[in-house]
Amino acid sequence: MTEELTSTVIAPSRVVAPTLVRSVTWRSAVLLAVGAAVLITVSLGPMAAELGNMSAVVWSVTAIIGGLQCLMIAELARVYPGRAGGTATYAHLALHEVSPALGALSSWAYWFAWTPGIAVNVILAGVYASAAFGIEATFPLAILFVVVLYGINYFGLKLSVRFYAAVGAVAVIPLLAILLGVLAQPSSLHWDYVLPFGVPGGDLGSMATWALIVKWAFVAVWASYGAEMASTVVAEMRDSDTRVGQAMGAAAVICAVAFTAIPIVLLALVGVQGLQEDPQAVFLGPAEQLFGAWGAQVVALMLAAGLLLGAQAFVVGSSRTIYQMTRDGYLPRVFGKVNRFGVPVGSITFDVLIITLLLIVFRDSIVDVVASANIGYVVVFVLLPVTYLLLGRSSRIGGESGATLSRRSPRHPMALLAMALIVINVVLLVWGGLQWGLQVVLVGLGVLLLIVPVSLVVSAARKRELQSSR
């Protein structure tokens, strides 16, 4: 039934037979979003260096915006529970008839955003693991982590989620330990490091200060919008029809709390200067202050596990997005190949090759990689509310069970929220992206535009096949 209804949206998808296995619960989806909290490691230090304690406000506000976007994602996922890859893939339903390239752009942008994230996370995991063992082996450890992660993913999402849960338990311990350690030693907190909020040498009334804030908000959303990752496995959830809203809501709350509490506590412990000492291992200073050198080593090992947690979430999300693009007729069928465990091995193999290349090329140039990839991520969230509004107005496009999005007037709160989110994300994309320099923007746009000729050629070939088979 799902396949037949999906094929009414784009006929070429009818010829792609393999489907994913519904093997996990809504709690598994929430676990994927939990890994987003550790992504704050990537840019917390560099952001604090330029924004000072105002960085804590940026983290909190962007996470709340990300949570609001989950309201739309939850409704889209409820109506279209068979779509793998989540957030970015809904644009295909609304835009593919207007332009196949636009339909492909959202999913490709999402893949581009998260796939470098795997490289970033395994590099940082290597940094923390090296610190824990007192060795210099960041790059070899990163390669080892890639092999382990993709090896586990080969055997199915159920095994991957079990690994995820085990690593997640280890990963959450250092964050809880720091928070509980603060409660046990309240004198260790220096609130003058946090309040009043302000930008070093900046005036909140000046455009230069706001340009700096928007610049870092642009990069922050790569992590703080992470609650949406819960949607990537909706097509593999046994209870997606009834629990997807619960999963998205829980993920949104967890991320909003984490991205508010973690920057404030770390700033109160070591201040902006402390966060700058080692931007790639930003938790080690606070951990050493609370627990001493030995305790910091243990925390480093646990944080390496936390970063692998985030990498695992990216592996799942990026591979499912490529898989869904193949089903939608934008990529060659080889990327839609599924093994006997119900895993999209075609897209996973593609991911492994790209990740290995990124590790070889970029090594540890992390923040620029994130800024470039984030061009794609913010494009997804410009298109998401547009998709939501278009699907809500359409009488032709229904969900996989015949359901449709609730039709609402332009003055309905959800419609107003969607329009506000379009404006916010366009500002972040254009104004914030340009603050990182023309090179970052051109690299991001260059990778995004690669999908245009590819999707047009593949879509045309699929249509010719369909016509010849009739």
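## Two buried tyrosines

Tyrosine 225 and tyrosine 377 are both buried. This is a predicted model. For tyrosine 377, the relative accessible area is 0%. Buried means under 20%, so tyrosine 377 qualifies.

The rings of tyrosine 225 and tyrosine 377 form a pair. Their centres lie 6.4 Å apart, and their planes meet at 50°. The pair is therefore tilted. Where do the two residues sit in the chain? Tyrosine 225 is in the loop between α9 (207-224) and α10 (240-276). Tyrosine 377 belongs to helix α13.

The structure has seven aromatic pairs. One of them joins tyrosine 110 and tyrosine 377. Here the centres are 6.3 Å apart, with 40° between the planes. This pair is tilted.

Which parts of the chain does this pair tie together? Tyrosine 110 lies in helix α6 (residues 100-133), while tyrosine 377 lies in helix α13 (residues 366-393). Is tyrosine 110 buried or exposed? Tyrosine 110 is buried, at a relative accessible area of 0%.

## One cluster

Which residues form one aromatic cluster? They are Tyr110, Tyr225, Tyr377 and Phe381.

## A charge over a ring

Tryptophan 436 has a charged neighbour. The charged end of lysine 215 sits over the ring of tryptophan 436. The distance from that charged end to the ring centre is 4.7 Å.

Conventions. Residues are numbered from 1 along each chain as its sequence is written. This is a predicted model: local features need pLDDT of at least 70, side-chain atom pairs count only at pLDDT 80 or more; totals for chains, interfaces and linings use all residues. Side-chain values use heavy atoms; hydrogens and water are left out. Rings of Phe, Tyr and Trp (its six-membered ring) pair if their centres lie within 6.5 Å; planes under 30 degrees apart count as stacked, over 60 as edge-to-face and the rest as tilted. Helices (H or I, at least four residues) and strands (E, at least two) are DSSP runs, numbered from the N terminus. Buried means under 20% relative accessible area, exposed over 50%, partly exposed in between (1.4 Å probe, protein chains only). A charge sits over a ring if NZ of Lys or CZ of Arg is within 6 Å of the ring centre and within 35 degrees of the ring normal.
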